[in-house]
Amino acid sequence: PLWQNDTNPNAGAVTWINGVTGTTAVGGLPGTPVSRSNSLYGDHETSRVGGGGITPLVKNGSSTGAYVVNSPLVLDKRGVISGDLSSWVYAVPGAVTWVDDRGRAHSDAGPPQAGVSVAPTNSLFGEPLTENRPPIDSFVGIGGVLALPTGAYVANSPKWLGLKGATSFGPSAMGVRGLVSVDTSLIGAQGGVGGDQIGSGGVFSLSDGGFVVSSPLWNAPTNPNESPIISNVGAVTWVNADGRMFRNDQVPGVDTGSAGGFINLDPEDRDSWNSLVGASFYKNTAQETFGDRIGFDGITEVMLGDKRYFAVASSKWNQSLPLPGGAPGQVDGNVSGCFGAVTLCDMTGRGIVVDAAGTTLTALQRGGEVTAANRLHGDGPGDYVGGGGVTALAKGNFVVASPEWRSRSPEALG
């Protein structure tokens, strides 16, 4: 990543080498220096191509030979002339590039090439510089690249477009190229300080090839698509093995779902909900507002009997009922909040309710709030249930670690 491209220091380069002959992708002899003709490289200084790591891709337990190059610091710049003065304007879009088993990047503009610079035509790319808008950084790939068991991958970019955040699915065939957009990615709506930062809690692979996106800093609008917002309510979004998201009223395998979009929380259209979300917030003594931060402590796939589920750990969850219409509600009487909760979902993202005997699992809607009916939770503020995560065990068991839970026996309470 610190390779110098002509006069551009730290432009970065990634060079494929044949493991048998030692030659590069273009046939250079062993010992050939890294160059623009045999490598994927950055055009501008400090782009550090490959600085985010290389992710080999695997399908059905075997290597495909393809890999993903993560370059979250890829730079874009252009000259600006004002009167007699000239200067440079900079932005950091970042890029994630799928490369085939012969070291070639694929492009919409021509045949596969080994010696080529990182660009929107051959990579998933953040927002570039435009004429009539101030520069905005995206750092695409800054949250890492997750390889899925199907040969596909997910690029996680929680800082995309000024902290709106995005996660993007790359198919196993040739990955994903072009600018991050609502058509190809799960994206946030709120940017700037306190932005949604989609994927900030990580992206978690499931054994069936699907994955779960944790966005504990997601902000819920008090009304659909309107301000003000409730900060950090949090959301967890299930995506299937084909990179498709589904509304509550859609059936995977029957409906096609969506390749991209926003987290939906419209109290007037619950069928459109596509994520498990927080339902409450609290205010501390300084009147600062804190949300449930659903998914803050991670996602773990577990077995119950012969079926698979995933557990969502949310130690910041606050005990309350949502306001009428499904909007987040304030925790009454609690200035500290953080009861904590662990919620089970089936492998299509639907919340699970266990009956009183603990024997029957009932799948509810795909989108909805974490409530008293669908989680293991603390019995008072400050319990932080799930704060140590969930660990899957043999024989379909799992354990929930809550290192900050407090006993509330009469003796403890005094």
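Q: What does buried mean here, as against exposed or partly exposed?
A: A residue is buried when its relative accessible area is under 20% and exposed when that value is over 50%, with partly exposed in between (1.4 Å probe, protein chains only). Please keep in mind that this is a predicted model, in which local features need pLDDT of at least 70 and side-chain atom pairs count only at pLDDT 80 or more, while totals for chains, interfaces and linings use all residues. Residues are numbered from 1 along each chain as its sequence is written, and side-chain values use heavy atoms, with hydrogens and water left out.

Q: OK, how many of the residues of the chain count as buried, in percent?
A: Of its 414 residues, 47% are buried. The accessible surface of the chain, from the Shrake-Rupley method with a 1.4 Å probe and with only the protein chains shown counting as cover for residues, is about 18300 Å², and carbon and sulfur atoms contribute 53% of that area.

Q: And how many helices and strands are there?
A: The chain has 2 helices and 34 strands, taken as DSSP runs numbered from the N terminus (helices H or I, at least four residues; strands E, at least two).

Q: What is the strand order in the open sheet of 3 strands?
A: The order is 1-2-10 with mixed pairing, where two strands pair if DSSP finds at least two bridges between them. Strand 1 (13-14) and strand 10 (116-117) are the edge strands, each with a single partner, so one side of each has no neighbour in the sheet.

Q: In which sense do strand 1 and strand 2 pair?
A: They pair in the antiparallel sense over 2 bridges, strand 2 covering residues 40-41, and Val 14 has Leu 40 in strand 2 as its bridge partner.

Q: Switching to charges: how many salt bridges are found?
A: The whole structure has 7 of them, a salt bridge being a side-chain nitrogen of Lys or Arg within 4 Å of a carboxyl oxygen of Asp or Glu. One of them joins Lys 77 and Glu 45 at 3.2 Å, N to O. Lys 77 lies in strand 5 (residues 76-82) and Glu 45 in the loop between strand 2 and strand 3, so this pair ties together parts 32 residues apart in sequence.

Q: Is Glu 45 buried or exposed?
A: Glu 45 is buried at 16% relative accessibility, and Lys 77 is buried too, at 17%.

Q: What about Asp 100, which residue does it form a salt bridge with?
A: Its partner is Arg 104, with the closest N and O atoms 2.9 Å apart. Asp 100 is buried at 5%, whereas Arg 104 is partly exposed at 22%.

Q: Where is Glu 127 found?
A: Glu 127 sits in the loop between strand 11 (124-125) and strand 12 (145-147), and is buried at 15% relative accessibility. Glu 127 forms a salt bridge with Arg 133, the closest N and O atoms being 2.7 Å apart, and Arg 133 is partly exposed at 37%.

Q: Which residues is Glu 127 in contact with, leaving aside neighbours within four places in sequence?
A: With contact meaning heavy atoms within 4.5 Å, these are Pro 93, Arg 133, Ile 136, Ser 138 and Leu 161.

Q: Last topic: what is phi for Arg 48?
A: Arg 48 has a positive phi of about 50 degrees although it is not a glycine. Most residues other than glycine have a negative phi. Arg 48 is in the loop between strand 2 and strand 3 (54-59) and is partly exposed at 28%.

Q: And where does Arg 293 lie?
A: Arg 293 is in the loop between strand 24 (289-291) and strand 25 (299-304). Arg 293 has a positive phi near 50 degrees and is buried at 19%.
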